[in-house]
Amino acid sequence: MSEQAWSEEFKLLRAEVSSLVKTIPGAVSTVVLRSGDRSVEVSWTHQEGPVTRASGEPEPPRDEVADPAIRSVVAPLVGTFYVAPEPGAEPFTRRGARVESGQTVAIVEAMKLMNQVPSEWSGEVVEVLVADGQPVEFGQELVRVRVDGT
């Protein structure tokens, strides 16, 4: 890529990051941009507070979840939550479905990049906590899994 083409791409990327940073709650601590072999990384101080479910109800803190066999798959970044690879497609998972460790259970879109969200555990999906197309925060619970063998 020529230096001029890279410079234009970098300007667009910088504008996207600027827009993203304005939507992040809390203080941004780090911004790194990447184009090709260059990177974009946005870090901020995570603010603890009530997380809400798709229904609008407050999410109970993790220590209030009664069953120790239930683990949560959390959002790896801020973005938009999707339950399927494309509109109209079958969802990656749903309540009652079985998932394997490493299996994609959702996508979080950030800056026009689709980021697969894998389950860390094998087990049964107990609950999908976020509605399709809703914004999510870093660390927000997305899916709860009843882990095998616990």
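The following legends describe close-up views of a predicted model.

**Figure 1. Confidence along the predicted chain.** The protein chain has a mean pLDDT of 78, and 63% of its residues reach 70 or more. Confidence is lowest in strand E2 (residues 41–44), where the mean is 62, and highest in E5, where it is 95. Over residues 47–58 the pLDDT is below 50, and beyond near neighbours in sequence this stretch has 19 contacts in the model. Where pLDDT is low, the predicted coordinates should not be read in detail.

**Figure 2. The four-stranded open sheet.** Four strands form an open sheet in the order E3-E10-E8-E5, with antiparallel pairing. E3 and E5 stand at the edges, each with a single partner strand, so one side of each has no neighbour in the sheet. E3 and E10 run antiparallel and are joined by five bridges; in this pairing, Val-74 stands opposite Glu-141 of E10. Five bridges also join E8 to E10, again in the antiparallel sense, and here Gly-123 stands opposite Val-147 of E10. Strand E5 (residues 98–99) pairs with strand E8 (residues 123–128) in the antiparallel sense over two bridges, with Glu-124 of E8 as the bridge partner of Arg-98. Strands of a sheet pair through backbone hydrogen bonds, either parallel or antiparallel.

**Figure 3. The largest nonpolar core.** This core comprises 19 residues, of which Val-73, Phe-81, Val-117, Val-136, Leu-142 and Val-143 touch the most other members. Strand E6 (104–110) and strand E10 (141–147) each supply at least two residues of the core. The largest share, four residues, comes from E10. Leaving aside neighbours within four places in sequence, Leu-142 is in contact with several valines, among them Val-73, Val-74, Val-108, Val-117, Val-128, Val-130 and Val-136. The contacts of Leu-142 also include Ala-75, Phe-81 and Leu-129, together with Glu-127.

Figure 4. Ser-72 lies in strand E3, which spans residues 70–74. Ser-72 counts as buried because its relative accessibility is 13%, below the 20% limit for that class. Not counting residues up to four places away in sequence, Ser-72 touches Trp-121, Glu-141, Val-143 and Arg-144. Ser-72 and Glu-120 are 48 residues apart in sequence, while their C-alpha atoms are 8.9 Å apart in space.

Figure 5. Thr-104 is found in strand E6 and is buried, with a relative accessible area of 16%. The side chain of Thr-104 makes a polar contact with the side chain of Gln-116 at 3.1 Å. Leaving aside neighbours within four places in sequence, the residues in contact with Thr-104 are Phe-92, Gln-116, Val-117 and Pro-118.

Figure 6. Met-111 is found in the loop between E6 and strand E7 (113–118), and Lys-112 lies in the loop between E6 and E7. Met-111 has a positive phi of about 55 degrees although it is not a glycine. For Lys-112, likewise not a glycine, the positive phi is about 65 degrees. Met-111 is partly exposed, with a relative accessible area of 23%, whereas Lys-112 counts as exposed at 64% relative accessibility.

Figure 7. The structure holds five salt bridges. Side chains of opposite charge can pair when their charged atoms come close. Arg-98 forms a salt bridge with Glu-100, the closest N and O atoms being 3.1 Å apart. Arg-98 counts as partly exposed at 47% relative accessibility, as does Glu-100 at 37%. The side chains of Asp-148 and Arg-98 also meet in a salt bridge, with an N to O distance of 2.5 Å. This pair links distant parts of the chain, with Asp-148 in the segment after E10 and Arg-98 in strand E5, 50 residues apart. Asp-148 is partly exposed, at 39% relative accessibility. Salt bridges that share partners join Arg-98, Glu-100 and Asp-148 into one network.

**Figure 8. The salt bridge between Arg-94 and Glu-90.** Arg-94 forms a salt bridge with Glu-90, with the closest N and O atoms 3.4 Å apart. Arg-94 is partly exposed, with a relative accessible area of 45%, whereas Glu-90 counts as exposed at 59% relative accessibility.

Conventions
Residues are numbered from 1 along each chain as its sequence is written. This is a predicted model: local features need pLDDT of at least 70, side-chain atom pairs count only at pLDDT 80 or more; totals for chains, interfaces and linings use all residues. Side-chain values use heavy atoms; hydrogens and water are left out. A nonpolar core is a set of buried Ala, Val, Leu, Ile, Met, Phe, Trp, Tyr and Cys residues joined through side-chain atoms within 4.5 Å. Buried means under 20% relative accessible area, exposed over 50%, partly exposed in between (1.4 Å probe, protein chains only). Contact means heavy atoms within 4.5 Å. A polar contact is a pair of N or O atoms within 3.5 Å; within protein, one must be able to donate a hydrogen and the other to accept it, and residues adjacent in sequence count only if both atoms are side-chain atoms. Two strands pair if DSSP finds at least two bridges between them. pLDDT is the predictor's confidence in each residue, from 0 to 100. A salt bridge is a side-chain nitrogen of Lys or Arg within 4 Å of a carboxyl oxygen of Asp or Glu.
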